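Thanks for coming. Please have the sequence and the model open.

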Amino acid sequence: NVTIVTGRENMRQILDLTTRYMKQLRKKLRGRVVKMLSSRIPEIQGGLSTLPDLDFRLKEYKKGNDVILYNAPAVLFIHAPQNTSTPQIDCDAALFAMMLLAQTKGLGTCWMGWVQYAAAGFQVKTFKLLADFLGIPAGHRVYAAMIIGYPRIKLHSIPPRQTQVTWREGP
């Protein structure tokens with residue numbers, strides 16, 4: 001299922017709710033229990049590695065700079081029932097297909113991890129404000145989100161990346 005949000009006031013609300021989520025997550029990550037467990041659980045170390053990014057985005061938000069939605073005119077949320085076999089994979093594939101299609105129409109997109117996490121209440125299970133605002137049905141969870149709009153800058157090439165490919169011939 002797809003929920004599309006447009007309009008300045010709605011986008012402001014999504015930005016505000018996402019930052020509320022980010023503040024709660026930051027508080028949780030800086031808590032005593034997380035610090036105690038971080039030396040034993042690699043996933044917690046991964047969560048702690050997001051703190052500089054959280055701090056940066058929240059600091060910019062406080063200054064009035066939108067480095068979360070980047071002043072985009074629309075945001076799309078893809079959600080599915082939690083009790084299906086592969087909801088994360090299904091939603092990721094759907095979002096990626098939409099991103100490719102948007103590119104063919106001259107639109108710019110960006111996968112929005114923090115917005116998706118806020119809508120899902122990721123690691124802050126009590127955070128339901130964004131899901132409620134979006135009208136996500138009970139039993140569904142947001143698994144992917146992206147902003148979409150007309151890009152100010154046209155990209156003509158992709159920056160070079162190092163990719164390792166391993167090829168194994170069959171019999």
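At what angle do the axes of helix H1 and helix H4 cross, and within what distance do they come? This is a predicted model, and in it the axes of H1, residues 8-29, and H4, residues 51-63, come within 10 Å and cross at roughly 140°. Angles over 145 degrees would count as roughly antiparallel, so H1 is oblique to H4. The crossing of H1 past H4 is left-handed.

Now the residues at that contact. On the H1 side they are Arg-12, Leu-15, Asp-16, Thr-19, Met-22, Lys-23, Leu-25, Arg-26 and Leu-29, and they meet Leu-51, Leu-54, Asp-55, Arg-57, Leu-58 and Tyr-61 of H4. Sorted by class, the H1 contact with H4 holds eight nonpolar residues, one polar residue and six charged ones.

H1 has another partner, helix H6. The axes of H1 and H6 come within 9 Å, with a crossing angle of roughly 80°. That makes H1 roughly perpendicular to H6. From H1, the residues here are Ile-14, Thr-18, Tyr-21, Met-22 and Leu-25; from H6, they are Trp-114, Val-115, Tyr-117 and Ala-118. By class, this contact of H1 with H6 has eight nonpolar residues, one polar residue and no charged residues. Met-22 and Leu-25 are listed at the H4 contact and also at the H6 contact.

Let me step back to the whole chain. The protein has seven helices and four strands. Along the sequence the order is β-α-α-α-α-β-α-β-α-α-β. The C-alpha atoms fill a box of roughly 50 × 50 × 35 Å along the principal axes. There are 171 residues in the protein, and 36% of them count as buried. Of the contacts with a separation of 6 or more, 79% are between residues 24 or more positions apart.

Next, the interior. In soluble globular proteins, nonpolar side chains tend to be buried together. Here the largest nonpolar core has 31 residues, and those with the most contacts inside it are Ile-14, Leu-69, Phe-77, Val-115 and Leu-130. Elements giving two or more residues to this core are H1, H4, strand S2 (74-81), H6 (113-120), helix H7 (129-134) and strand S4 (140-149). Which element gives the most to this core? That is H1, with eight residues.

Take Ile-14 as an example. Leaving out residues up to four places away in sequence, Ile-14 touches Val-5, Leu-69, Val-75, Phe-77, Val-115, Leu-130, Phe-133 and Leu-134. There is also a second, separate core of 13 residues, which includes Ala-74, Ile-78, Cys-91 and Ala-144.

Back to H6 for a moment. Is H6 mostly covered or mostly uncovered? It is mostly covered, with six of its eight residues buried. The buried ones are Trp-114, Val-115, Gln-116, Ala-118, Ala-119 and Ala-120. Their cover includes H1, H4, S2, H7 and S4. After H6 comes Gly-121, which has a positive phi near 65°.

Now a residue in strand S4, Ile-147. Its relative accessible area is 7%, and under 20% counts as buried, so Ile-147 is buried. Again leaving out residues up to four places away in sequence, Ile-147 touches Leu-69, Tyr-70, Ala-72, Ala-74, Val-75, Gly-108, Thr-109, Cys-110 and Met-112. Ile-147 and Val-124 are 23 residues apart in sequence, and their C-alpha atoms are 23 Å apart in space.

Tyr-70, one of those contacts of Ile-147, brings me to the loop between H4 and S2, where Tyr-70 lies. Asn-71 is in the loop between H4 and S2 as well. Most residues other than glycine have a negative phi. Tyr-70, however, has a positive phi near 55°, and Asn-71 has a positive phi of about 55°. Are these two residues buried or exposed? Tyr-70 is partly exposed, at 40% relative accessible area, whereas Asn-71 is exposed, at 58%. Lastly, Asn-71 and Pro-159 are 88 residues apart in sequence and 24 Å apart in space, C-alpha to C-alpha.

That is where I will stop.

Terms used
Residues are numbered from 1 along each chain as its sequence is written. This is a predicted model: local features need pLDDT of at least 70, side-chain atom pairs count only at pLDDT 80 or more; totals for chains, interfaces and linings use all residues. Side-chain values use heavy atoms; hydrogens and water are left out. Axes are lines fitted to C-alpha atoms, for helices over the stretch in contact, and angles run from 0 to 180 degrees between N-to-C directions. Angles under 35 degrees count as roughly parallel, over 145 as roughly antiparallel, 65 to 115 as roughly perpendicular and the rest as oblique. A crossing is left-handed if the near helix is turned anticlockwise from the far one by less than a right angle, and right-handed if clockwise. Contact means heavy atoms within 4.5 Å. Ala, Val, Leu, Ile, Met, Phe, Trp, Tyr, Cys and Pro count as nonpolar, Asp, Glu, Lys and Arg as charged, and the others, Gly among them, as polar. A nonpolar core is a set of buried Ala, Val, Leu, Ile, Met, Phe, Trp, Tyr and Cys residues joined through side-chain atoms within 4.5 Å. Buried means under 20% relative accessible area, exposed over 50%, partly exposed in between (1.4 Å probe, protein chains only).
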